Amino acid sequence: MSNLSSTAEFELCVSEPAAKPTLQVLPGRLTDLGGLPIRRILPRSQRRTVGPWCFLDSYGPVNFSSGKPMDVPPHPHIGLQTVSWLLEGNLLHHDSLGLEGPAGPGVLNLMTAGRGIAHAEETSTENGGHLRGVQLWVALPNETRETAPAFEQHRSLPVVELEGGGATLIMGQLDGVRSPARTFSPLLAADVSGVAYSRLTLPLNPEYEHALVPLVGTCRLDGQPLSIDTLYYLGCGRRELLLSCDRDPGRALLLGGTPFGETILMWWNFVARTTEEIVAAREDWEAGRRFGVVKAYKGQRLQAPPFADRPVPRPRS
Ligand code: MN
């Protein structure tokens with residue numbers, strides 16, 4: 001998935017963790033990705049990062065009878081990992097390493113961009129007419145961000161069984177259970193599900209900052225009703241979280257990590273530290289250098305937008 005925003009300006013993302021438990025509520029901002037309506041949940045002007053998590057889009061549910069609601073042509077990434085996680089439907093990943101990743105619900109597609117990779121993501125032809133999912137980016141720490149590009153797929157992830165539900169470990173660890181997905185800094189992403197009329201207590205690492213993003217159903221956090229596709233930022237220092245469901249089952253994404261500590265520059269599909277790096281990566285993409293070719297994709301690749309050397313003034317939405 002790609003950041004298709006046409007803005008030429010970069011975004012300065014300062015790590016600003018709340019040292020103590022807090023509650024910051026940020027409804028997702030409606031935008032679109034090549035015609036597919038999405039909610040942009042991170043970065044926001046009021047909250048750029050949660051641990052190393054620096055980007056979160058939620059899309060669907062969409063129903064369709066023909067075509068591809070998601071069709072993102074080849075585009076480059078640097079300095080991050082992309083995490084594709086589906087609740088409904090199917091997607092197909094192709095990258096410039098020549099790897100293919102057909103994914104459906106419960107399958108993690110994890111791409112480590114490192115110094116540079118290109119990929120495309122599109123709705124599979126065998127898709128059943130529904131699509132619902134999230135796309136996340138993890139910023140790589142300075143010392144490992146030039147790592148070699150890689151793609152991995154995990155088709156069976158560990159689950160923490162809890163009274164009234166469970167949590168699938170997408171990345172990182174929770175309650176002593178660890179995902180096999182490759183990570184570069186301490187972090188957590190879990191898909192938490194609760195059955196109807198349940199109360200789930202999730203143990204948290206107090207050294208992490210956490211956020212909860214409800215995806216399905218009507219749940220409550222510590223008794224407070226929650227809205228779908230909204231970021232509930234919880235700060236650091238929490239030891240547990242109480243998620244309860246009433247007459248519907250619910251699902252929510254739990255994100256966490258040690259405060260990232262580094263200020264990153266985000267522009268288009270790049271996570272960098274300096275504008276010079278962004279300019280060089282942009283020029284390499286436009287000139288057909290560094291990133292390789294996504295040979296399996298039928299169609300034109302994305303062109304980089306123009307780059308403007310000033311930070312983006314974001315609407316406080
Ligand atoms: Mn992408």
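**Entry 1**

I started at Asp229, which counts as buried at 4% relative accessibility. For burial I used under 20% relative accessible area, with exposed meaning over 50% and partly exposed anything in between, using a 1.4 Å probe and protein chains only. Before going on, I noted that this is a predicted model, where local features need pLDDT of at least 70, side-chain atom pairs count only at pLDDT 80 or more, and totals for chains, interfaces and linings use all residues. Residues are numbered from 1 along each chain as its sequence is written, and side-chain values use heavy atoms, with hydrogens and water left out.

Why did I flag Asp229? Its phi is near 55°, a positive value in a residue other than glycine. I found Asp229 in the loop between β21 (224-225) and β22 (230-236). Helices (H or I, at least four residues) and strands (E, at least two) are DSSP runs, numbered from the N terminus.

Asp175 went on the list as well, with a positive phi of about 55° although it is not a glycine. That residue sits in the loop between β15 (165-174) and β16 (177-178).

Next I looked up cis peptide bonds. The bond from Leu42 to Pro43 is cis, with omega near -10°, and Pro43 lies in the loop between β4 and β5. The bond from Gly60 to Pro61 is also cis, with omega near 5°, but Pro61 is in strand β5. I wrote these down because most residues other than glycine have a negative phi, and most peptide bonds are trans.

**Entry 2: aromatic rings**

How many aromatic pairs does a search of the whole structure find? I got eight. The rule takes rings of Phe, Tyr and Trp (its six-membered ring) with centres within 6.5 Å; planes under 30 degrees apart count as stacked, over 60 as edge-to-face, and the rest as tilted.

Phe10 and Phe307 are a stacked pair, because their ring centres are 6.1 Å apart and their planes are at 15°. The pair joins distant parts of the chain: Phe10 is in strand β1 (residues 9-13) and Phe307 is in the loop between α1 and β27 (308-311), 297 residues apart. I have Phe10 down as buried, at 7% relative accessible area.

Trp268 with Phe270 is an edge-to-face pair, 5.7 Å centre to centre and 80° between the planes. Both ends are buried: Trp268 at 6% relative accessibility, Phe270 at 0%.

Arg301 lies over the face of Trp285, at 3.8 Å from the ring centre. Arg47 does likewise over Tyr233, at 3.6 Å.

**Entry 3: nonpolar cores**

For a core I took buried Ala, Val, Leu, Ile, Met, Phe, Trp, Tyr and Cys residues joined through side-chain atoms within 4.5 Å. The largest has 28 residues, and Tyr59, Met70, Leu131 and Phe270 have the most contacts inside it. Elements giving two or more residues to this core are β4 (36-42), β5 (53-63), β11 (117-123), β25 (264-267), β26 (270-272) and α1 (275-286). Which element gives the most? That is α1, with three residues.

There is also a second, separate core of 27 residues, including Ile41, Leu108, Leu110 and Ala189.

I looked at Trp53 while I was in strand β5. Its relative accessible area is 0%, so I count Trp53 as buried.

**Entry 4: cavities**

I finished with a cavity search on a 1 Å grid over the protein atoms alone, where a cavity is a set of points that a 1.4 Å probe fits but cannot get out of, and lining residues have an atom within 4 Å of a point. Two cavities of 30 Å³ or more came up.

Strands β7 (80-88) and β8 (91-95) are the elements that give two or more residues to it.

Notes. Lys NZ or Arg CZ within 6 Å of the ring centre and 35° of its normal. 1 Å grid on protein atoms, 1.4 Å probe; cavity = no way out; pocket = protein on both sides within 12 Å on 5 of 7 lines; lining within 4 Å. Points joined across faces, edges and corners; volume = space filled by probe spheres on them.
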